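User: I would like to go through the labels used for this model and see what each one rests on. Please set the values against the cut-offs.

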Amino acid sequence: MPVEILRKAYELARLGPTSANGSPARFVFLTTPGAKALLETVLAPGNVDKTMAAPVTEIIAWDTEFHESLPRLFPQADVRSYFVGNRPLIEENAFRNSSLQAAYFILSARALGLDCGPMSGFDADKLNAEIFPHSNQLQRSRKTNIVVKSQHHGGAHGARARIGREFGYCSDPT
């Protein structure tokens, strides 16, 4: 899969609104068999084969330190101070808004011709330890929200066509 499609999907997704422009999502794109092999022991058994077969797997995480960027992303008010030292508020907002960003990415990728399979069948603690080793502060602040596997859609057999037929609309009549 061309990296350019992933880049375009990300560029579109990052334009989607989040609370106070916080943009807490962090994206990791696994494109090689070696990188995807890191997932084998953390995925639910039913997700392993299809994930390994997909050309790319995205890990969409949230950043527990997202509020440190708020002075730059939302300069019109001191929103950062609401979050400092308030772990429950940080986690609630980061998870909610990274979920929005994950949805924006999936919609963007689908608009660019990719099928996306979001998954929640994984061990988040093991995945975080594998993908975000705690060797530095930057990595410690990442927590996995969702895993998405992507590939070019398969025409009449792709997910967009199946969903379209299910709801009475199909942009690919073949």
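**Labels and their cut-offs**

User: What makes the pair Arg-7 and Glu-4 a salt bridge?

Analyst: The closest N and O atoms of Arg-7 and Glu-4 are 3.2 Å apart. A salt bridge is defined as a side-chain nitrogen of Lys or Arg within 4 Å of a carboxyl oxygen of Asp or Glu, so the label follows from that distance. Both residues lie in helix α1, three residues apart, about one turn of the helix. The count by this rule comes to six salt bridges.

User: What do these values rest on, and how are residues numbered?

Analyst: This is a predicted model with residues numbered from 1 along each chain as its sequence is written, and local features need pLDDT of at least 70. Side-chain atom pairs count only at pLDDT 80 or more, while totals for chains, interfaces and linings use all residues; side-chain values use heavy atoms, with hydrogens and water left out.

User: Why are Arg-7 and Glu-4 called partly exposed?

Analyst: Buried means under 20% relative accessible area, exposed over 50%, and partly exposed in between (1.4 Å probe, protein chains only). Arg-7 has 46% and Glu-4 has 40%, so both are partly exposed.

User: How are the helices and strands assigned, and how many are there?

Analyst: Helices (H or I, at least four residues) and strands (E, at least two) are DSSP runs, numbered from the N terminus. The protein chain has nine helices and four strands, in the order α-β-α-α-β-α-α-α-β-α-α-β-α.

User: What makes Arg-26, Asp-63 and Arg-142 a network?

Analyst: The three residues are linked by salt bridges. Asp-63 meets Arg-26 at 3.1 Å, N to O. That pair links distant parts of the chain, with Asp-63 in strand β2 (residues 56-63) and Arg-26 in strand β1, 37 residues apart. Asp-63 also meets Arg-142 at 3.2 Å, N to O. Arg-142 lies in strand β4 (residues 142-152), so this second pair ties together parts that are 79 residues apart in sequence.

User: What is called a nonpolar core here, and which residues have the most contacts inside the largest one?

Analyst: A nonpolar core is a set of buried Ala, Val, Leu, Ile, Met, Phe, Trp, Tyr and Cys residues joined through side-chain atoms within 4.5 Å. The largest has 17 residues, and Ile-60, Phe-105, Ala-109 and Val-148 have the most contacts inside it. α6 gives the most to this core, with five residues. Contact means heavy atoms within 4.5 Å. Leaving aside neighbours within four places in sequence, Phe-105 is in contact with residues including Leu-6, Phe-27, Phe-29 and Ile-60. Apart from this core lies another, of 14 residues, among them Leu-43, Ala-61, Met-119 and Leu-127.

User: Why is Leu-43 called buried, and where is it found?

Analyst: Leu-43 has a relative accessible area of 8%, so it is buried. Leu-43 is found in the loop between α2 (33-37) and α3 (45-53).

User: What makes the pair Thr-144 and Asn-128 a polar contact?

Analyst: Their side chains approach to 2.6 Å. A polar contact is a pair of N or O atoms within 3.5 Å; within protein, one must be able to donate a hydrogen and the other to accept it, and residues adjacent in sequence count only if both atoms are side-chain atoms. Thr-144 is found in strand β4 and, at 8% relative accessible area, is buried.
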